[in-house]
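Please have the sequence and the coordinates open while reading.

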Amino acid sequence: MADQVKISKRDRIAVWWRSTFIQGSWNYERMQNGGWAYSLIPVLKKLYKTKEDRAAALKRHLEFFNCHPYLASPILGVTMALEEERANGAPVDDVAIQGVKVGMMGPLAGIGDPVFWFTVKPIIGAIAASLAMGGSIVGPILYFVAWNAIRMAFMWYSQELGYKAGSKITEDMSGGLLQDVTKGASILGMFILGSLINRWVVVKFTPVVSSIKQQKGSYIDWGNLPNNMNGVKEALIQQADGRALSMVKVTTLQDNLDQLIPGLAGLLLTFLCMYLLRKKVSPIWQILGLFAIGVFFHWIGLM
Amino acid sequence: MELNVIQIILVVLVSFLAGMEGILDEFHFHQPVIACTLIGLVTGQLMPCLILGGTLQMVALGWANIGAAVAPDVALASVASAIILVLGGQGTKGVSSAYAIAIPLAVAGLLLTILVRTISTGIVHIMDAAAKEGNFRKIEMWQYIAICLQGLRIAIPAAMILALGAGPVKAMLTAIPQVVQDGLSIGGGMVVAVGYAMVINMMASREVWPFFAIGFVLATIKSLTLIGLGAIGLALALIYLTLSKSGGSGKGDGGNTGNTNTGDPVGDIIDNY
């Protein structure tokens, strides 16, 4: 063990940057394998010098791999540690390395999807989108900065964690912290989803349920107002007293539904979509179908 | 509206970037709120594109490629609809019809993604050959080529729309009858539900449904902003985690309750329906 090869911080930064491109050659056969091998190249270059060793290492890392792109970072960290031990003569065989990769990618992808795709992205996205719809340039800037700061920090620190923990990380997975993070994220995620569905799924029915002629005195009698500005003033005062603007009170189907709870129709629609998804109806057909329904219902005057 | 040469080059460049990110999913240049804004920025039509981006972002909030569920492609949807909005020259008024066009485009983009991902299968076989020689450089090169293909996936359609010019695009937009345009924007209000449904199907469990209900009811209070709601949600999550720990130790094994069924009551109802 005279000449130990060590992975420097510089190498780890190179891997961290390259892992940004891990999905670049995503393919139906082995998914992220090309990007995975590409990410590890700085380390493999340092650890292995002969052509045979390099060829074996590359072959090993071109095997099937697929994970959440950000959660691949801790796995990269662990793999680096294992490769380092192997290059220095430890008995780490191909099966061990492949086993760690496959063993970690499933559970970690299971954490990445709820945390990043279903919690962080919808929350940042919704805030940015509502700002942008109001015409504020802060929206896109906020999204870009916040998203990338969270992502880059997460990828670096989790890769470092993986590297330091080495092969021990698989034990950490069953520990309490990660479970807490996953559960906390799904609580926050479900809470926000509930709010978003109420605010942003817009289902409005236009048919008029009733139009009732109101009693005299409960609406503003436009014919009998004083002339000029005094009339305007009188009308505003009467409105502040709670008088209606016209003598016929119109109630639409939507008003009735809103008395139960606003957003109920949107909620039911969401449940319907969940049902269809579980029945394996493709989301794309659902989207196209909803557009068709929108046009049809508008045409017959229901919406 | 006509664009000059520099603007055209910049638009194609933004499209290329969005196409790359469509697969990488890292910097998020392909997200509508960013992609549309960038197109608006380089063409000098910032405001309408910004509003379009925000509107599309709302629809795409829950879209993610997980497992077998393939989400529509936001990169082509946002880039192409923003270009059409700019070429149409209607400003903010054109947003709703550009938005309606975006959805079919998202489906078209999906087909292109499938095509490129199939081509990439060939690319990793070239990488295999390079691996046998221990050739690092060649693997790196093919990784870059694969990423560039994903960029071209969006850049080429964008360039085609630009080449077609404002005339045909505008004619296409005005050919859509009013009732269809309004109907499409009504449909757009409902389409959002599909994305949310995908997300809920992934996350739902018996334990977290109550939080969904609280979120839904609190959102009816219009003066609560999203940031406010986020703070409430975060606080609830922290309280719940703390309480479930202190309560769980008293009962002996708090973690073993409620595992007798799938743990998703509304899901069960939907399944059994």
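The model is a predicted one. In it, 101 residues of chain A are in contact with 107 residues of chain B, and between them the two chains bury about 9700 Å², with 75% of that area on carbon and sulfur atoms.

- Of the area that chain A buries against chain B, 8% is supplied by A:Met190, A:Phe191 and A:Phe291, which is more than any other three residues provide.

**Salt bridges and polar contacts**

- A search of the whole structure finds 10 salt bridges over all chains, and across the interface of chain A and chain B the rule finds 4.
- In the salt bridge that joins B:Glu140 to A:Arg18, the side chains meet at 2.6 Å, taken from N to O; this pair crosses between chains, running from helix α6 (residues 136-164) of chain B, where B:Glu140 sits, to helix α1 of chain A, which holds A:Arg18.
- A:Lys183 forms a salt bridge with B:Glu207, and the closest N and O atoms of this pair are 3.2 Å apart.
- Counting pairs in which both residues have pLDDT 80 or more, the rule finds 22 residue pairs in polar contact across the interface of chain A and chain B.

**Helices and residue types on the chain A side**

- Several helices of chain A each supply at least two residues of the side that touches chain B, among them α1 (9-18), α5 (94-133), α6 (138-165), α8 (176-200) and α12 (283-299).
- The helix that gives the most to this side of chain A is α8(A), with 18 residues.
- Sorted by type, the residues of the side of chain A that touches chain B comprise 61 nonpolar, 25 polar and 15 charged.

**Helix α5 of chain B**

- Helix α5 of chain B (residues 95-132) has 38 residues, and from its first C-alpha to its last it reaches 53 Å, which is close to the 56 Å expected at 1.5 Å a residue.
- At B:Ile103 the helix α5(B) bends by about 30 degrees, and a proline, B:Pro104, follows within four residues.
- After α5(B) comes B:Gly134, whose phi is positive, near 65 degrees.

Methods
Residues numbered from 1 in each chain as written. Chains lettered and ligands numbered in written order. Predicted model: local features only at pLDDT ≥ 70, side-chain atom pairs only at ≥ 80, totals over all residues. Heavy atoms only, no water. Contact = heavy atoms within 4.5 Å. Buried area = accessible area lost by both parts, 1.4 Å probe. Polar contact = N/O pair within 3.5 Å; in protein donor to acceptor, adjacent residues only side chain to side chain. Nonpolar A, V, L, I, M, F, W, Y, C, P; charged D, E, K, R; others polar. Expected span 1.5 Å × (residues − 1). Bend = angle between axes of the 7 residues up to and from the residue.
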